[in-house]
Amino acid sequence: MNEQQLIASRVAQEIVGPAIVNLGIGIPTLVSEYVKDDTIIFHTENGLLGVTDIDPDNIDPNLVNAGKLPIGEKKGSSFFNSADSFAMIRGGHIDVAILGALQVDQTGLIANWAVPGKTILGVGGAMDLLSGAKQIIVAMTHCSKEGKSKLVKECSYPITSTRSVDIIVTNLAVFHVKDHELFLVDLMPGVTLEIVQQHTEAMYKVALSQNQV
């Protein structure tokens with residue numbers, strides 16, 4: 001299991017059905033592979049409720065997610081236009097949104113839509129999801145490709161929303177956000193508190209279970 005699969009499988013453990021779950025671009029798209037609860041239904045903002053894994057031998061080029069990757073349609077799924085899809089999001093009908101992020105600050109604010117000096121391909125639905133979804137889970141690598149912590153004291157990239165996220169899952173640890181503070185609640189296999197500390201710029205409190213301390 002690689003880092004992305006590890007993160008996705010751990011995110012899956014945080015989702016409790018019944019729930020409508022929106023999957024963002026990148027690592028979040030892998031989460032559906034690790035969810036076996038039929039009461040959890042996946043949503044993509046470009047117009048499908050009932051996203052499922054693809055059949056490699058029967059790929060429909062007209063069925064793609066928000067990241068333009070092929071997807072499957074679950075039996076009983078619904079198709080709709082973008083306006084209706086965003087009405088679902090803005091109307092509070094999405095229970096959980098799983099998003100990738102470039103940075104998360106120590107109060108739970110995220111930056112995931114623009115890098116200064118680089119071309120923006122599209123804002124996407126992250127701003128709407130942060131406003132409308134009931135719970136926000138971030139799925140991301142703990143550090144950038146350059147080795148810099150993506151959990152920072154303050155975002156240097158433009159923030160996506162003034163709303164804090166609820167859960168952050170990285171390849172090193174799981175954090176819950178409560179009252180604008182980060183709480184380390186779980187370590188990934190083989191990871192120690194010292195490793196997390198070495199790779200985390202943001203301030204956080206340790207709240208591990210007794211058998212992990």
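1. Phe175 is a buried residue of this predicted model, and its relative accessible area is 0%. The residue belongs to strand 11, which spans residues 173-178. Across the sheet, Phe175 stands opposite Leu184 of strand 12.

2. Phe175 also takes part in an aromatic pair, and the structure holds 1 such pair. The partner is Tyr204: the two ring centres are 5.5 Å apart and the ring planes meet at 75°, so the arrangement is edge-to-face. An angle over 60 degrees is what that class requires.

3. Strand 11 pairs with strand 12 (residues 181-187) in the antiparallel sense, over 6 bridges. Both strands belong to an open sheet of 10 strands with mixed pairing, in the order 4-3-2-1-5-8-10-11-12-13. At the edges of this sheet are strand 4 (72-79) and strand 13, each of which pairs on one side only. In general, the strands of a sheet pair through backbone hydrogen bonds, in either the parallel or the antiparallel sense.

4. On the cysteines: the structure holds 0 disulfides. Cys143 is in no disulfide, and the nearest cysteine sulfur, that of Cys155, is 15 Å away. Cys155 is likewise in no disulfide, its nearest cysteine sulfur being that of Cys143 at 15 Å.

5. Cys143 has a relative accessibility of 18%, and Cys155 has a relative accessible area of 13%. Each value is under 20%, and the residues are therefore classed as buried.

6. As to the chain as a whole, there are 4 helices and 13 strands. The radius of gyration of the protein chain is 17 Å, which agrees with the value near 17 Å for a compact globule of 213 residues. The C-alpha atoms fill a box of roughly 45 × 40 × 30 Å along the principal axes.

7. Buried residues make up 46% of the 213 residues in the protein chain. Of the contacts between residues at least 6 apart in sequence, 59% join residues at least 24 apart. The protein chain exposes about 11,100 Å², of which carbon and sulfur atoms supply 52%.

Notes
Residues numbered from 1 in each chain as written. Predicted model: local features only at pLDDT ≥ 70, side-chain atom pairs only at ≥ 80, totals over all residues. Heavy atoms only, no water. Phe/Tyr/Trp six-rings, centres within 6.5 Å; stacked < 30°, edge-to-face > 60°. Helix = DSSP H or I, 4+ residues; strand = E, 2+ residues; numbered from the N terminus. Buried < 20%, exposed > 50% of the residue type's maximum accessible area, 1.4 Å probe, protein only. Disulfide = S-S within 2.5 Å. Pairing = 2+ DSSP bridges. Rg over C-alpha atoms; globule rule 2.2 N^0.38 Å. Contact = heavy atoms within 4.5 Å. Areas by Shrake-Rupley, 256 points an atom, 1.4 Å probe, with all protein chains shown as cover.
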